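Trainee: I have a structure to read and would like to go through it feature by feature. Where should I look?

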Amino acid sequence: MKPSHPSVGRARLLFRLPAANVVQFAMRREPQTTGIRALHVILLCLGLSAAAHADVTNEVAASVHAQLKCVDCHAGNAASFPDKRAIAELCASCHSDVRKMNPYGLPADQLERYKTSKHGEALFSKNDQQVAVCTDCHGAHDILKVKSPQARTYAGNIPATCGRCHADEKLMSQYKLPSDVVAKYKTSHHAHLLLDKGDLSAPTCVTCHGNHGATPPGTAEVGQVCGKCHGRQRELFEKSPHAEAAKAGLFNECISCHDNHAIQKASVDLFGKACVQCHAKDPKQLALRDQIVGMIETARGAYDRAKLRVNQATVRGLATEDEQMLLQEANTQITQLEAMQHTLTPEQLRPCATRTEDVVADILRDIHNLERFEQWKRSAIVPVWIFLGVMAVLFWAKRREVERGDPS
Ligand code: HEC
Ligand code: HEC
Ligand code: HEC
Ligand code: HEC
Ligand code: HEC
Ligand code: HEC
Ligand code: HEC
Ligand code: HEC
């Protein structure tokens, strides 16, 4: 990925060509004679110092803004921008203009939404120059369509785009923010799906935080985001005793148990870790937990036993197609149970648990019958062999009798 910080671009220009010092001078952020800036902008306009910014020209030509001229962004004598607010306003001069954006089917609300984000709030109310502005997430000259795999905004590249600041300990400590959010996210099941498997249906930073209207975390919305993808779990959660507590702001929906960034693939082990965070001294709640864990483990144990029996029978050559189907049915019931436990209500789990037990009982009985039939077949074959043996002897005897040709 290209460095998007302007000082890098500036350093690159420095090494170039005679016009470089003019450019460098013109680009300096300190107050300077408008004359030189104006001169530079004129050069920009005329394309006379083209060699000096061949890089920039190429970048723009390859970007989504290929149709723009330098002056579309560097109007007046602003070759560089006094601060990040000016950058946001530059981008918004087109991107907040519905007439300009409509032909491309692009929304025109980025600046407005951005202003409601923590970043935008800090920039516009405190003039904080360290927060992310449009160019920090999109680039300046090398902006691509947001869904292009090379774009900074492409799902797989988002953690790095945010990480440039959010993994910077020095910067984050100024705001008392943790600098391990990216590292933690990378340990999550979501990141595994997205970064290792290329599964774009898993969330990145901006799926949960929003790209422009970055939802300030800690509010109800950011937790509720989980429900957009995990609708069923959310529905079930609504039936749990925590739903009320969540409404009262005493409980963070999903993340109180699953964490926000380091979300792992869930298993029954999570009960061991999650509940004691808040109920270490509540025997009633822990008893309920143990009851639910018991139901899930009993069902899973029964399933595992049935699976083993079916496998053994299959290896011995028995026809177990029907039992394989039943096994799948039992597995579906267990998957249901793992979701249903979000109600934390044993009565809600019972139908699934009972169904699993019934199906497993059916499987075990079927396998038992198959085996008995096989045994019966094996033992049924013995009299046949004896019969055949006797017949052979009789036949042989008869034949000898005939051969002796008793003419009598
Ligand atoms: C889409 C708007 C846009 C276009 C088009 C554009 N620029 Fe820029 N340019 C910017 C922004 C924004 C910055 C400031 C970047 C920053 O400070 O983060 C910048 C910075 C610069 C700089 C300072 C050094 C640097 O690389 O950051 C130079 C030089 C420059 N532009 C030259 C050009 C030239 C030459 C063209 C035409 C080929 C051009 N720009 C086209 C938006 C644009
Ligand atoms: C914190 C990072 C961040 C900042 C700051 C930011 N954007 Fe974005 N922007 C994104 C992401 C991420 C996407 C969407 C990616 C997706 O939908 O896959 C996006 C999408 C867009 C799009 C495509 C249309 C749309 O709205 O989805 C435009 C245009 C855009 N941004 C312009 C801007 C402008 C203008 C600013 C400054 C006012 C800005 N962005 C600030 C991250 C950012
Ligand atoms: C002079 C008008 C103008 C300015 C200034 C401008 N843009 Fe654009 N931008 C456009 C147009 C027009 C498009 C659509 C181009 C297309 O799709 O062919 C676009 C497209 C984009 C896209 C791609 C959206 C998509 O389809 O995925 C992003 C991102 C973007 N601009 C960000 C910015 C940022 C950031 C700035 C400020 C540094 C900026 N733009 C400044 C006119 C402008
Ligand atoms: C240029 C540096 C920079 C980039 C890039 C950046 N951020 Fe930030 N972000 C900050 C700073 C600095 C703050 C602290 C602002 C404050 O608290 O006033 C912040 C604050 C936040 C907050 C609010 C945290 C809180 O509780 O106060 C969230 C959420 C956030 N950023 C998400 C993101 C996401 C998601 C991305 C990537 C799409 C991103 N940021 C990219 C610098 C950046
Ligand atoms: C699955 C949703 C989700 C994803 C993905 C996600 N976050 Fe968060 N993030 C949250 C939630 C929820 C909170 C609020 C935590 C709280 O209130 O305890 C949060 C909090 C934060 C904070 C505030 C710091 C804190 O711990 O209080 C920052 C900064 C942040 N996230 C940045 C990021 C970045 C950068 C990424 C990508 C690497 C990211 N997040 C990915 C959901 C998510
Ligand atoms: C953009 C959609 C999306 C969002 C938002 C999202 N997830 Fe996921 N999540 C997925 C996908 C896709 C999977 C993998 C599908 C699967 O394995 O069932 C997954 C898997 C999981 C898993 C592992 C499931 C398992 O089989 O063990 C947990 C736990 C989880 N998410 C919790 C959360 C929480 C908590 C949040 C909110 C903080 C959240 N998710 C937000 C899409 C999302
Ligand atoms: C009170 C703690 C708790 C809360 C709150 C909670 N979960 Fe879970 N979740 C668990 C436990 C424990 C498991 C593991 C169950 C198992 O595998 O036996 C789990 C499993 C999961 C799974 C994988 C199993 C499945 O259902 O497919 C997903 C996905 C999931 N949770 C998402 C969520 C979402 C989304 C929310 C918020 C609406 C949420 N969870 C709220 C404790 C919780
Ligand atoms: C983040 C803290 C937190 C976690 C984690 C948590 N709970 Fe709770 N729980 C609460 C709060 C807050 C309440 C509502 C106030 C109360 O009744 O104590 C509550 C209420 C309950 C109740 C209803 C109690 C009643 O008498 O009405 C049960 C049952 C319960 N929790 C079980 C569990 C189980 C089981 C787990 C683990 C899977 C769990 N909780 C995880 C905070 C938590």
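**Reading the chain**

Mentor: Of the 408 residues in the protein chain, 23% are buried, where buried takes 20 or more other C-beta atoms within 10 Å of a residue's own, exposed takes 12 or fewer, partly exposed lies in between, and C-beta atoms are placed from the backbone. This is a predicted model, in which local features need pLDDT of at least 70 and side-chain atom pairs count only at pLDDT 80 or more, while totals for chains, interfaces and linings use all residues. Residues are numbered from 1 along each chain as its sequence is written, and chains are lettered from A and ligands numbered from 1 in the order in which they are written.

Trainee: How many helices and strands does the protein chain have?

Mentor: Helices (H or I, at least four residues) and strands (E, at least two) are DSSP runs, numbered from the N terminus. Here there are 25 helices and zero strands.

Trainee: Which residues of helix 24 are buried?

Mentor: An α-helix has 3.6 residues a turn, so residues three or four places apart point the same way. In helix 24 the buried residues are Glu323, Leu327, Ala330, Gln333, Leu337 and Met340. They lie on the same side of helix 24 because they cover an arc of only 135° around the axis, taken from the directions from the helix axis to the C-beta atoms. Exposed on the other side are Glu321, Met325, Gln328 and Thr335.

Trainee: What do the buried residues of helix 24 pack against?

Mentor: Two residues are in contact if their C-beta atoms, placed from the backbone, lie within 7 Å. The buried residues of helix 24 pack against helix 18 (231-237), helix 23 (283-315) and helix 25 (346-404).

Trainee: Which residues are closest to ligand 4?

Mentor: A residue is near a molecule if its C-beta atom, placed from the backbone, lies within 6 Å of it. Ligand 4 is surrounded by 22 residues, the closest being Lys118, Ala132, Cys162, Cys165 and Cys205. Helix 11 gives the most to this shell, with six residues.

Trainee: Which residues are closest to ligand 3?

Mentor: Around ligand 3 there are 20 residues, and Cys91, Cys94, Cys134, Lys145 and Val146 are the closest. Helix 6 gives the most here, with six residues.

Trainee: Is Lys273 buried or exposed?

Mentor: Lys273 is in helix 21 (residues 269-274). It counts as exposed because it has 10 C-beta neighbours inside 10 Å.
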